[in-house]
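Open the model in your viewer and keep the selection panel at hand. The tour moves from one selection to the next.

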Protein chains: 2
Amino acid sequence: MSSFLPTEQRLAITCQRHPAFPRDPAVLVRLIKHIYKRVHDDANAMLRPYGINHPEYNLLMMLYGTEGYALHATELADAAGEKSANITRLTNELCDKGLIAREASDEDRRKVTLVLTAEGVALIESFLPDVCALLERQAGDMQPRETAQLERLLKKFLAQLERE
Amino acid sequence: MSSFLPTEQRLAITCQRHPAFPRDPAVLVRLIKHIYKRVHDDANAMLRPYGINHPEYNLLMMLYGTEGYALHATELADAAGEKSANITRLTNELCDKGLIAREASDEDRRKVTLVLTAEGVALIESFLPDVCALLERQAGDMQPRETAQLERLLKKFLAQLERE
DNA sequence: TATATATATTACATATATGTACTATCTAGG
DNA sequence: CCTAGATAGTACATATATGTAATATATATA
């Protein structure tokens, strides 16, 4: 049985008490929250043996997914969905671990270029099999059609949120 | 244009570099993360004038959605999707603000009952119109059929995650 | 050139979240 | 009863995230 049932029941009572309460959007927001927490926790547990956490993993993978393994700090913040103040702290840690390096930018001397080191690439390639296994386990027996539909609907929902 | 495009492009490059990388589950997980951050930030901004933040709001609403406005700490943690260590801190703050009260439980003296005060209920009913407006804005022009389908697919996804 | 405005990054204070260990209480089996 | 093991809640240390302000550089315009 899903952990979500109690939450859903409480939203139903809320609707009784306050009939204007829009049940469906509220359920979606709650589901997103539950799913996010679970995904986040699972990823952290899987990554711990490799000495990094979920946000650090996200940064590494955004660099790994870029030609040249390099991004400016602001680009990295946008790509990973982190606030820029967070990027400084996280990239400091990754530098200390020797996984990325900071380089001054020639084109615009305000900018800092963050680039994966050889050790960074090697670490990523060492944990990728575990990451793939986790992602496949998380998708479980969702059918490709369902996955595609879920992706489409989530994109539409995100577009709504950003429309404001 | 969506903020998600750069992320999606980087996942595509990752798939080129590591063909076993399961693109679709990865996209879903990223979308969830982006949506969650946005929802969380919007809710915090809306709630600030009322002197509470998103997690505190969640706790208050779980109590509001329960007969008798009361739950034990563990029930509240499950309903709100918070770790139990967090519940102590958050409920301390809500007690300090006079919005909830702690009561010893007769049935099991290990348990603590958390119950909304009259001020707590009054605060909830004062911000509910703003909450409803925000939720409706977030759902935007999603059709009821799409919303229902998204709910169904998210529930299936959550069930997968919890199946392990 | 000089000045105003915008952008990129960071430092630091503060806010928020989690893990671990501890206390008190309960339950079950001898 | 009594003890062993389970459960509820919390305190405290630590980890993680954010807001604000400060610094340096770039760009536009008079």
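Helices here are DSSP runs of H or I with at least four residues, and strands are E runs of at least two, numbered from the N terminus. This is a predicted model, in which local features need pLDDT of at least 70, side-chain atom pairs need pLDDT 80 or more, and totals for chains, interfaces and linings use all residues. Residues count from 1 along each chain as its sequence is written, chains are lettered from A and ligands numbered from 1 in written order, and side-chain values use heavy atoms, without hydrogens or water.

**Stop 1: DNA strand D**

Select DNA strand D and the residues around it. A residue is near a strand if one of its heavy atoms lies within 4 Å of it. There are 20 such residues around DNA strand D. Those that come nearest are Asn86(A), Arg109(A), Arg110(A), Thr74(B) and Arg110(B).

Now colour by element of secondary structure. H5 (84-96) of chain A, H4 (73-80) of chain B and H5 (84-96) of chain B each supply at least two residues of this surface. H5(A) gives the most, with three residues.

Colour by residue class next. Ala, Val, Leu, Ile, Met, Phe, Trp, Tyr, Cys and Pro count as nonpolar; Asp, Glu, Lys and Arg as charged; the others, including Gly, as polar. The surface near DNA strand D has 10 charged, six polar and four nonpolar residues.

Which part of DNA strand D comes within 4 Å of the protein, sugar or phosphate, or bases? Sugar or phosphate holds 77% of those atoms, and bases hold the rest.

Zoom in on the polar contacts. Each is a pair of N or O atoms within 3.5 Å; within protein, one must be able to donate a hydrogen and the other to accept it, and residues adjacent in sequence count only if both atoms are side-chain atoms.

- Thr74(B): a polar side-chain atom sits 2.3 Å from a phosphate oxygen of DNA strand D.
- Arg102(B): a side-chain N or O atom is 2.9 Å from a phosphate oxygen of DNA strand D.
- Arg110(A): a side-chain N or O atom is 3.4 Å from a sugar or linking oxygen of DNA strand D.

**Stop 2: DNA strand C**

Switch to DNA strand C. It has 17 residues around it, and Thr74(A), Val112(A), Asn86(B), Arg109(B) and Arg110(B) come nearest. Of its atoms within 4 Å of the protein, 77% belong to sugar and phosphate.

H5(B) contributes the largest share of this surface, three residues. By class, the surface divides into eight charged, five polar and four nonpolar residues.

Show the side chains here.

- Thr74(A): a polar side-chain atom is 2.7 Å from a phosphate oxygen of DNA strand C.
- Asn86(B): a polar side-chain atom is 3.2 Å from a phosphate oxygen of DNA strand C.
- Arg110(A): a polar side-chain atom lies 3.2 Å from a base oxygen of DNA strand C.

**Stop 3: the two chains**

A turn of 180° and a shift of 0.0 Å along the axis give an RMSD of 0.1 Å. The two copies are thus related as by a two-fold rotation axis.

**Stop 4: two cysteines**

Select Cys15(A) and Cys132(B). A disulfide is a pair of cysteine sulfur atoms within 2.5 Å. The count over all chains is zero. The sulfur of Cys15(A) has its closest cysteine sulfur in Cys132(B), 8.7 Å away, too far for a bond.

Are these residues buried or exposed? Buried means under 20% relative accessible area, exposed over 50%, and partly exposed in between (1.4 Å probe, protein chains only). Cys15(A) is buried at 19%, and Cys132(B) is buried at 6%.

Definitions and conventions. Copies are superposed by least squares on the C-alpha atoms of residues with pLDDT of at least 70 in both.
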